[in-house]
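I opened my notebook beside the sequence and the model. My plan was to look up a handful of places and write down what I found.

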Amino acid sequence: MYEVIEEPIHVGAIFKGSKIKPRWFIWKKRKYPIRDITFRWQDRKGEENLLYFSVSDGVNTYEICFNQKSLNWFLSKVSIEG
Amino acid sequence: MHVDMNAFFASIEQKANPRLRNKPIIVGGSPHSRTVVATASYEAREYGVKTGMSLIEARRLCPQAILVEGNSAKYIDTSLEIIKILNKFTDQVEIFSIDEAFLDVTGSQALFGKPVEIARKIKERLRKKLGLTCSIGIAPNKLLAKLASEMEKPDGLVEIEEEEVPKILTSLPVEKLCGIGEKTASHLSQLGIRSAEELGNAPVDFLVHHFGIIGHLLRQMGKGRDGSRVVSYTEEGEVKSMGHSYTLPGDTWDMEMIRTVLLRLSEQVGRRLRKGGYRGRRVTLVLRYSDFFTFSRDLSISDYIDYGVDIYYVALRILKRIGRLNKAVRLVGVKVSNLIFDSGQLYLLESYKKREALMGAIDRINDKFGEFTLHPCRLLMETPCEKIFPYRIPPPQRKSLSHLTPFPT
């Protein structure tokens, strides 16, 4: 169902207080609008705090992640129909 | 009050991925491993798929079910969010499992209203904040509250009043009472006791004769009585043991593989012990064979230990005593008990000091870069266990909830 990607992406996000709201991301030179954040959670890897977002562009669901230590975003997984 | 999240892992996956909604899904381990069902969505349950069932069996019952590989971090973090929400209504929250909690709302009624109103508010808050549903049971005690939450699923709310108890217990099968497992129920059945009422009316001497000291408790349960109070996670007692187990991807006779898995499990147990400041001197090895026969052997040693390699060597001694395997092994587990809290031991011998310093350095590196960044070379061998989940639920205030058990192994 999900395909593991683990690739860096560019993300446009709104930071409001402690809340982060990703609005779009660019992966492989293509821009994906984020229509819905369906779930969010966090995880740790050593000292790194990772914020995960399940997001939908209206067609597919993606798991994107924000590393709060390195301040980098990456695309973790993609769920594509079929 | 008992709060039970409905098909917890499956509901989270369905919430996270709209494409999974209203479909039969099974949450388990890797689809390439021989996993068991951790949770099935209600759509899959309609086909008879149950928690703990092997994936092969589940797929036979529901071939169209979608297997979703579980994500423990996602579930643990969500569980913590749920606890935060429950704590808004009372500080008396007892964590029963990753997706269940008991609440004592006696002291919250002045603020939030009657228990039923509190339950409705909790359900609304969980739905709004996390998009998840739960079943809530309200009753005079924990035993009956748990029973009540089981009565209506999903998204149920059942209150059992004191005067309704005898009527409910009349035809209630004993196995519906929390704490009476398959074996006890079967034993009771052989004695002609099938309903809770029959259990409650059985002579206590008779029950003690057959079940020992728990005979008293069984009789109380049969009467719907439970004197235990809600123990808030902030006041939970000492940790008694720490352990991990792992179901192998295939039944194996390969002792090398078993030893490698055992080392990895031992390293994980050691890490948890050190993080919690514990040492133990009893090591238990658990093996489950291909026919599901499970046995455990333990060995007590004179020293208290907390290093993975030390735990591993004791476990190996037990393994050697077992000798040749009679059947292929499907699960390996290791546990350390007889624990003491150790705030830091001082060593006189230089070699011990060096070892302590080395282990401290390894721990700090793994703390910084993640688990198993540094590990024994033996684990460089191809090991099947990328994910190993512990089987005890510690109180969250002591550490994170990262020790909860999302997947039965």
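My entries follow, grouped by place.

**Ground rules.** I am working with a predicted model, where local features need pLDDT of at least 70 and side-chain atom pairs count only at pLDDT 80 or more, while totals for chains, interfaces and linings use all residues. Residues are numbered from 1 along each chain as its sequence is written, chains are lettered from A in the order in which they are written, and side-chain values use heavy atoms, with hydrogens and water left out.

**Entry 1: positive patch, chain A.** I looked for charge on the surface. Lys16(A), Lys19(A), Lys21(A), Arg23(A) and Arg40(A) form a positive patch there. I noted the patch rule: residues have over 30% relative accessible area and no salt bridge, and like charges are joined within 9 Å. A salt bridge is a side-chain nitrogen of Lys or Arg within 4 Å of a carboxyl oxygen of Asp or Glu. Which strand gives the largest share of the patch? Strand β3 of chain A, residues 19-27, supplies three residues. Strands are DSSP runs of E with at least two residues, and helices are runs of H or I with at least four. I then checked Lys21(A), which lies in β3. Lys21(A) is partly exposed, at 46% relative accessible area. The scale I used calls a residue buried under 20%, exposed over 50% and partly exposed in between, with a 1.4 Å probe and protein chains only.

Entry 2: Lys28(A) sits in the loop between β3 and β4 (30-33) of chain A. Its phi is near 50°, a positive value in a residue other than glycine. Lys28(A) is exposed, with a relative accessible area of 61%.

Entry 3: Asp36(A) belongs to strand β5, residues 36-45. Asp36(A) is partly exposed at 38%. Next I turned to Asn49(A) in strand β6, residues 48-56. Is Asn49(A) buried or exposed? Asn49(A) counts as buried because its relative accessibility is 15%. Its side chain makes a polar contact of 3.0 Å with that of Gln42(A). Another, of 2.6 Å, joins it to the side chain of Gln68(A). A polar contact is a pair of N or O atoms within 3.5 Å, one able to donate a hydrogen and the other to accept it.

**Entry 4: helix α7, chain B.** I moved to α7, residues 142-151. Eight of its ten residues are buried, so the helix is largely enclosed by the rest of the structure. Among them are Leu143(B), Leu144(B) and Leu147(B). What caps the N-terminal end of α7(B)? Asn141(B) does, with a side-chain oxygen 3.2 Å from the backbone nitrogen of Leu143(B).

**Entry 5: beyond α7.** Lys153(B) and Pro154(B) are joined by a cis peptide bond, with omega about -5°. Pro154(B) lies in the loop between α7 and β8. I also found a negative surface patch made of Glu159(B), Glu161(B), Glu162(B), Glu163(B) and Glu164(B). Glu162(B) is in the loop between β8 (157-159) and α8 (165-170). Glu162(B) is exposed at 54%.

**Entry 6: β12, chain B.** Asn338(B) is in strand β12, residues 329-341. Its phi is positive, about 55°, although it is not a glycine. Asn338(B) is partly exposed at 28%.

How values were computed. Patches are made of residues with over 30% relative accessible area and no salt bridge: like charges are joined within 9 Å, nonpolar side chains (Val, Leu, Ile, Met, Phe, Trp, Tyr) within 5 Å. Accessible areas come from the Shrake-Rupley method with a 1.4 Å probe; for residues, only the protein chains shown count as cover. Lys and Arg count as positive and Asp and Glu as negative; His and the chain ends are not counted. The place of a charge is taken as NZ of Lys, CZ of Arg, CG of Asp or CD of Glu.
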